[in-house]
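Here is a short walk through one protein model. Keep the sequence and the 3D view side by side as you read.

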Amino acid sequence: MGLVHCAIFTTSKRDVLFDPSESHLKLVLPERKHILHGKKAPINCVSQCENNLLRLRVIRDFRAPFSFFFAMARSYHLFEVLLENQIHDGMNQWAPFASQEEWGLAVWLMKNVGQTSTDEFLKLPAMRDRMNLSFHNNRSFLKRVDTLPTGPNWECEIVTAPGDQCGEDGEIVGEDMELWYRDPVECIKELLSNPAFKDSISYVPERVYTSSDGDDRIYDEMWTGDWWWDTQTKLPDGAAIAPLILASDKTQLSQFQGDKKAWPVYLTLGNISKEIRRCPSAHATVLLGYLPVPKLSCYSDATRSLAGYHLFHYCMGKILASLVEAGKTGVEMVCADGFVRLIYPILAAYVADYPEQCLVSCCMENRCPRCTVDPNDCGDPTPSPDRNVPSTLETLYAHEHGCEPEKFTNDGIRAIYEPFWCNLPHCNIFGCFTPDLLHQLHKGFFKDHIVKWCTSLIGEDELDARFKAMSGYPGLRHFSKEMQRVFLGVIAGSVDQDVLTVVRAALDFIYYTQLQMQTSTTLAALKACLATFHRFKDIFIKYEIRKHFNIPKIHALLHYFASIQALGSNDGYNSESPERLHIDFAKDAFRASNKKDYHEQMTLWLQRREAMWQREAYITWLNAQQQAAAEQLAKAPPLRGVTAQRLIEHFGATKFIPALTSFLQQQQSYPLLPNTSDRFDLYKQIIITLPPNTFLSSQKIFNHIHTSPAVPPRGHKQGLPGVFDTALIIDDPMEYRSRSGLAGLRVAQVRVIFLLPPYFGAYPHPLAYVEWFTSLGAPDPQTGMYVINRFTRQHQPNGAVISTARIVRSCHLMGQFGNAIAKGWTTDNVLERAKNFYLNPYIHVDMFTTVNIN
């Protein structure tokens, strides 16, 4: 089913990727993603050297039929669409703002200044009289922000809780509340099409090992876990999974203004590398909705809790409704690499604290949301049967229809007859719950239990005195996570050996769980730590510190192994991430509102912020494209003031004047027409940085395209022939973007690279005068190479002036010699004398793969 790749990792700058099915080695750089246009997942190459031994990373990618993961087509990704729209509308990259300075001011105002202060700031004489801004108050400023493209639209639905209490008039009292949400399918489209994630995204599951014998498995990214691999086998050929990671967490917005709360729901994708997902500034996690946080005073005390459960599941069902059909049939989406894939969005992980896990799983809060362990057996290290979706739904159905199944009580199920996950395809909600390192380990297992138990043994004063006497270290603080760094040394000598053994096992377990790459070996060590803890934990019962260990957070440690094996390492699902996101998506948004009907104001404020974030990312991307192009040329043109007449005579640009005239007429309605006396600044070469090629090294490949006229001999110095290289030019942009290989490209000889003089108008890129060859037809059946010839009009070269941005790469043409080479042909004149040419695919391996592997 898969192909095995072995990567040998050392501490050198270049590592080796070996494909056993081929007879050659491929050089790859460490810590770099490699994507084969969707055929295989990225390979996360991290240099590792343990005990001076080389570590292998053997990758088996999921591959069924040969065409399995080929993309359906090529299309415009998010930023390319924005660029096309700007070009079509004739706007600059800062639009709707007038300049780079005005854009910078807009970003600063949106990020740091409230609406009232914005008005005051813009009315300052210095701003009003000197800056000449296109907006003069907060209202006109926000009008411009609102013209920016943004993410999926927000929807508001009024949800009514009927209640079970009567009012003074004898009627049942209800409660109306607002549910704000966005379509998750549209949010997924936005994330997948963001080119900022292009090098950090995967579409295919992998199985990764540390050795070729396959004994030591690696688990880090979600695509290295079993869930993705197993789910992929259930989908049709050509399908790609978008594993949804949801997170929800109720948060306090105010303490003294009505005790206001928000309940954000966040969405991100397992396709995106966990390092990117964890970075808030990357905006790889989007706000999906705000769940209502009602008081539900229309219910009695006995029914209020269950009513809250029903309300949560009803609202989540509304938010996720579009995922039902999308998860069954798939949705065509443009991905970050510009290719269209059939995406199946499937809920894979749910990040929440323990009470919310119980809420999602419809179980009592003294039960495990993953398995059916009895509350009185939580201290037993023996695993219990996992909860099962079909069985749970069957039990709920029976209970709804008047039966009293024993399983309903034994499994601690709540009477939520239509949980939001009941119709989600391929979703095992109980397996979605990921380890909560913050609340289960750091705050729960360690601080609330281990520290408390040891404090009872040692004494609070003694323990505090030991901490105060601990030697300093940069960054060391006495928070719960920092206490772990010194705790064993603090208690050593004050407790007996069995207590030390338990504490050490607990600390080792905590540290193993924080590894960002797990292996079968580290998971075995993790299990050994937990086994040691359970074997010696009764020492606290002996000292009468505990009577039992039926603690849900301790029981939850048993499920860490299965979670890591299914979904990858724990650092990809830490509940600290949602708490950090609350700052941007809840607290800051609330502070920007007038604290009344704040959800609507929060969504509008967030939509504007997201529009600014998106435009910032777009400008960064666009500048990177322009910078990449700018780096190909010298800082200043080395040839200045060259007349058009000289271009015609010495550069062979015989059709330069009519070609430039045609170009200017396309750009302007009434252009100033060029003549032979006009002067131009020229470049001698352009250097093209080729796009990454997954078949080759990740090192950059540069193409040089020279345009140098012949240099006559002077004295004892010999003359030099002229050099005018050929290149592949974008001739049909739509075909070029929608297909692969050489589609939409055409060969041309580049004769002049120049800057347009200002009096002809402004143009963002340098220009090139080229002479076309005929379009690429079918390859020659004998050689497999394309045969072309010069494209002429009335026996004269067909020249054109183009933007250098249309130059894709250099290429090599070989004259078609026939049975015998013509006399007088040399390396310097063959491009001028030969009639037909072969486009040489063997000039470089990169060119070979471009031509032959589409």
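## Buried cysteines

Cys187 counts as buried, because its relative accessibility is 1% and the limit for burial is under 20%. Cys454 is buried as well, at 0% relative accessibility. Bear in mind that this is a predicted model. How many disulfides does the structure hold? It holds zero. A disulfide is a covalent bond between the sulfur atoms of two cysteines.

Turn next to the empty space inside the protein. Rolling a probe the size of a water molecule over the atoms shows where such space is left. A search of the whole structure turns up three cavities of 30 Å³ or more. The largest cavity holds about 140 Å³ of space. It is lined by 17 residues. Closest to its centre are Gln357, Arg370, Gln440, Ala556 and His559. Which elements each supply at least two residues of this lining? They are α11, α21 (552-555) and α22 (560-567). By class, nine of the lining residues are nonpolar, six are polar and two are charged.

Now look at a pocket. The second largest pocket contains about 910 Å³ of space. Its lining is made of 32 residues. Lys250, Pro292, Val293, Pro294 and Lys295 lie nearest its centre. Several elements give two or more residues to this lining: β8 (175-181), β13 (261-269), α9 (301-319), α11 (354-361) and α24 (598-630). Which of them gives the most? Helix α9 does, with seven residues. The classes in the pocket lining are 14 nonpolar, four polar and 14 charged residues.

Is Gly330 buried or exposed? It counts as buried, because its relative accessibility is 14% and burial means under 20%. Leaving aside neighbours within four places in sequence, Gly330 is in contact with Glu325, Leu342, Ile343 and Tyr344. Pro236 is 94 residues away from Gly330 along the chain.

Move on to a sheet. Strands of a sheet pair through backbone hydrogen bonds, either parallel or antiparallel. Here an open sheet of three strands runs in the order β20-β21-β22, with antiparallel pairing. Strands β20 (685-689) and β22 (723-724) stand at the edges. Each has a single partner strand, so one side of each is left without a neighbour in the sheet. Strand β21 (residues 702-708) is joined to β22 by two bridges, and these strands run antiparallel. Where does Ser708 find its bridge partner? The partner is Val723, in β22.

Finish with another serine. Ser803 lies in strand β29 (residues 799-803). Ser803 is buried, with a relative accessible area of 6%. Which residues does Ser803 touch, once neighbours within four places in sequence are left aside? It is in contact with Tyr763, His765, Pro766 and Leu767.

Terms used:
Residues are numbered from 1 along each chain as its sequence is written. This is a predicted model: local features need pLDDT of at least 70, side-chain atom pairs count only at pLDDT 80 or more; totals for chains, interfaces and linings use all residues. Side-chain values use heavy atoms; hydrogens and water are left out. On a 1 Å grid over the protein atoms alone, a cavity is a set of points where a 1.4 Å probe fits but cannot get out, and a pocket is an open set with protein on both sides within 12 Å along at least five of seven lines; lining residues have an atom within 4 Å of a point. Grid points are joined across faces, edges and corners, and a volume is the space filled by probe spheres set on the points. Helices (H or I, at least four residues) and strands (E, at least two) are DSSP runs, numbered from the N terminus. Ala, Val, Leu, Ile, Met, Phe, Trp, Tyr, Cys and Pro count as nonpolar, Asp, Glu, Lys and Arg as charged, and the others, Gly among them, as polar. Two strands pair if DSSP finds at least two bridges between them. Buried means under 20% relative accessible area, exposed over 50%, partly exposed in between (1.4 Å probe, protein chains only). Contact means heavy atoms within 4.5 Å. A disulfide is a pair of cysteine sulfur atoms within 2.5 Å.
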